[in-house]
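Colleague: I would like to learn how to read the features of a model like this one. Please take me through them in turn.

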Amino acid sequence: MRNRSIYFLLALLISASACQTKSDYKAMRAEVIKLHDEVMARNDEVVHLQMKIDTLLRNMDSLKIKNPALDTAATQIILTAHLNGLKVAEEKMNDWMHQFQPDTEGKSGEESVAYFAEEKKKIEEIDSLYTVRTKETSGYLSQQKFK
């Protein structure tokens, strides 16, 4: 009788462990998707800044007329660097979205948890990149008083 109790407890622990891993990966996947949604909501800001820089680059002559002291060559280099930084951030996000696999079919619970933990790190890095690029670009545009 005592052996049955031990086997029952062991089976119960294994079963609970399997359920825990399943819910762990689902919770982790939900975190990753939530973070993705937050970053994507900021994508409009990235696109808006890109469009603003494109417009400024196309209208350097007008900027020079408004501000004769403006070094248009240096400004063009700086604006292009900001534009490229924003594009890199957006491309990283697009690449991540194309590679992300929310379906865990064929993976164990532990493999799924590990996968989503790694994906969370990746999307957090992209989030940080979005933050840095948008702050730097917005700061520069504000400092230069480009309208």
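This is a predicted model: local features need pLDDT of at least 70, side-chain atom pairs count only at pLDDT 80 or more; totals for chains, interfaces and linings use all residues.

Modeller: Start with helix 2, residues 43–58. Helices (H or I, at least four residues) are DSSP runs numbered from the N terminus, as are strands (E, at least two). The expected span of a helix is 1.5 Å times one less than its number of residues. Residues are numbered from 1 along each chain as its sequence is written, and side-chain values use heavy atoms, with hydrogens and water left out.

Colleague: Which residues of helix 2 are buried?

Modeller: Buried means under 20% relative accessible area, exposed over 50%, and partly exposed in between, with a 1.4 Å probe and protein chains only. In helix 2 the buried residues are N43, V46, L49, Q50, I53, L56 and L57.

Colleague: Why do the buried residues of helix 2 line one face?

Modeller: An α-helix has 3.6 residues a turn, so residues three or four places apart point the same way. Seen down the axis of helix 2, the buried residues fall within an arc of 145°, so they line one face. The arc is taken over the directions from the helix axis to the C-beta atoms. Exposed residues D44, M51 and R58 are on the face turned away from that buried side.

Colleague: What does T137 contact, leaving aside its neighbours within four places in sequence?

Modeller: Contact means heavy atoms within 4.5 Å. T137 lies in helix 5 and is buried, with a relative accessible area of 2%. With those neighbours set aside, T137 is in contact with L49, I53, H82 and L86. Of these, L49 and I53 are among the buried residues of helix 2.

Colleague: How does the span of helix 5 compare with what it should be?

Modeller: The 36 residues of helix 5 should span 52 Å, and the end C-alpha atoms are 52 Å apart, which agrees. After helix 5 comes K145, whose phi is positive, near 60°.

Colleague: How many aromatic pairs are there?

Modeller: Rings of Phe, Tyr and Trp (its six-membered ring) pair if their centres lie within 6.5 Å; planes under 30 degrees apart count as stacked, over 60 as edge-to-face and the rest as tilted. The count is 5 aromatic pairs. One of them is Y25 with F116, stacked at 6.4 Å centre to centre and 10° between the planes. This pair links distant parts of the chain, with Y25 in helix 1 (residues 2–41) and F116 in helix 5 (residues 109–144), 91 residues apart. Y25 counts as buried at 11% relative accessibility, and F116 is buried at 0%. The rings of W96 and F100 have centres 4.7 Å apart and planes at 20°, so that pair is stacked too. W96 and F100 are both buried.

Colleague: Which residues form the aromatic cluster?

Modeller: Y25, W96, F100, Y115 and F116 form one cluster. The charged end of K107 sits over the ring of Y115, 3.8 Å from its centre. The rule asks for NZ of Lys or CZ of Arg within 6 Å of the ring centre and within 35 degrees of the ring normal.

Colleague: And the chain as a whole?

Modeller: The protein chain has 5 helices and 0 strands. Of its 147 residues, 29% count as buried.
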